[in-house]
Amino acid sequence: MTKSYLVNPKHTIDIIKKYDFVFQKRFGQNFLIDPHVLEKIIQSARITKEDYVLEIGPGIGTMTQYLAEAAGKVRAVEIDTALIPILEETLKDYSNVSILQGDILKVDVNQMVEEENEGKPIKVVANLPYYITTPIIMGLFEKKIPLQSITIMVQKEVAQRMQTGPGSKDYGALSLAVQYYAKPEIVANVPPNCFIPRPKVGSAVIRLERHPRPPVEVSDEALMFRLIRASFSQRRKTLVNSLKNSQNLSLSREEIEEALNKCGIPLTIRGEALGLEEFARLSNYIKESQKK
Ligand code: SAM
């Protein structure tokens, strides 16, 4: 039997018609129809038969078919109930795939990994719904899910934000958060004509390789991320003013100025000029002085 890969646009259209499927904009549904892009994703994720892969948002199962052939086991979480009968048909030949209907932001992925992969690190691969890219990525990292890597299609600008450093207009809290947990690498730019329907924005595939240990030592991660968010919440203000104005920190101007001086950071600097190492040093100093 020759398999009807859904990445062939004709097969995607046939399935959509057969089930009278209506695309839901609110779920960020743009299905891949380019085999080269799909092959690039699978190759960049370096999937082997040893791997347990979590796919977020399988859609009609286009990428899932490729994942199933490359991986040991695939778990796919899809929110749209209308897609479940379609997935049951398109994936029926793959015994190593299981579908869960649900919202990925509410699924207990830690428990899933514990029960289904003996708690060993998993790979996440997805063509993400763009409306919740950041909460999905941050959720995976912050909930301490055992991860080897995350290989995802995201909006091009978001991929650039994740990969960039100080000095770029794209640099921000997301760049620092991602780089604290992982090493980002953009592996492909993907134009709108690779999807049905075509998104209004350009896309990119980015691979986030989880650091075995974060690149900086931080005594209180939550405090560092509060400092980072405050520093970027008012980009045009100096770091001192941004931190002083933050309701989540309650630091006085004197405390902030002393911390910056002790950490060798100029008082006139803006938050966007600071790298991860400086945020780590600053938060460790503030943590220590709060203990006194
Ligand atoms: N993987 C398919 C592909 O590449 O053709 C579909 C990708 S499409 C960009 C995003 C998918 O994520 C859709 O199927 C959508 O229904 C699903 N989705 C949206 N929000 C979700 C959520 N909170 N949890 C799980 N799946 C979600």
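1. Helices here are DSSP runs of H or I with at least four residues, strands are E runs of at least two, and both are numbered from the N terminus. Keep in mind that this is a predicted model, where local features need pLDDT of at least 70, side-chain atom pairs count only at pLDDT 80 or more, and totals for chains, interfaces and linings use all residues. Residue numbers run from 1 along each chain as its sequence is written, and side-chain values use heavy atoms, with hydrogens and water left out.

2. Now go to the other end of H2. At its start, a side-chain oxygen of aspartate 34 comes to within 2.8 Å of the backbone nitrogen of histidine 36.

3. Which residues of H2 (residues 35-44) are buried? They are Val37, Leu38, Ile41, Ile42 and Ser44, where buried means under 20% relative accessible area with a 1.4 Å probe, protein chains only. Their cover includes S1, H3 and strand S5 (122-127), along with strand S6 (147-155), strand S7 (182-190) and strand S9 (203-210).

4. Next, zoom out. The protein splits into domain 1 (3-210) and domain 2 (221-291), with bounds taken from an automatic or database domain assignment. Each side of the contact between them is made up as follows: 13 residues from domain 1 and 13 residues from domain 2, contact meaning heavy atoms within 4.5 Å. The C-alpha centres of domain 1 and domain 2 are 35 Å apart.

Terms used:
Buried means under 20% relative accessible area, exposed over 50%, partly exposed in between (1.4 Å probe, protein chains only). A polar contact is a pair of N or O atoms within 3.5 Å; within protein, one must be able to donate a hydrogen and the other to accept it, and residues adjacent in sequence count only if both atoms are side-chain atoms.
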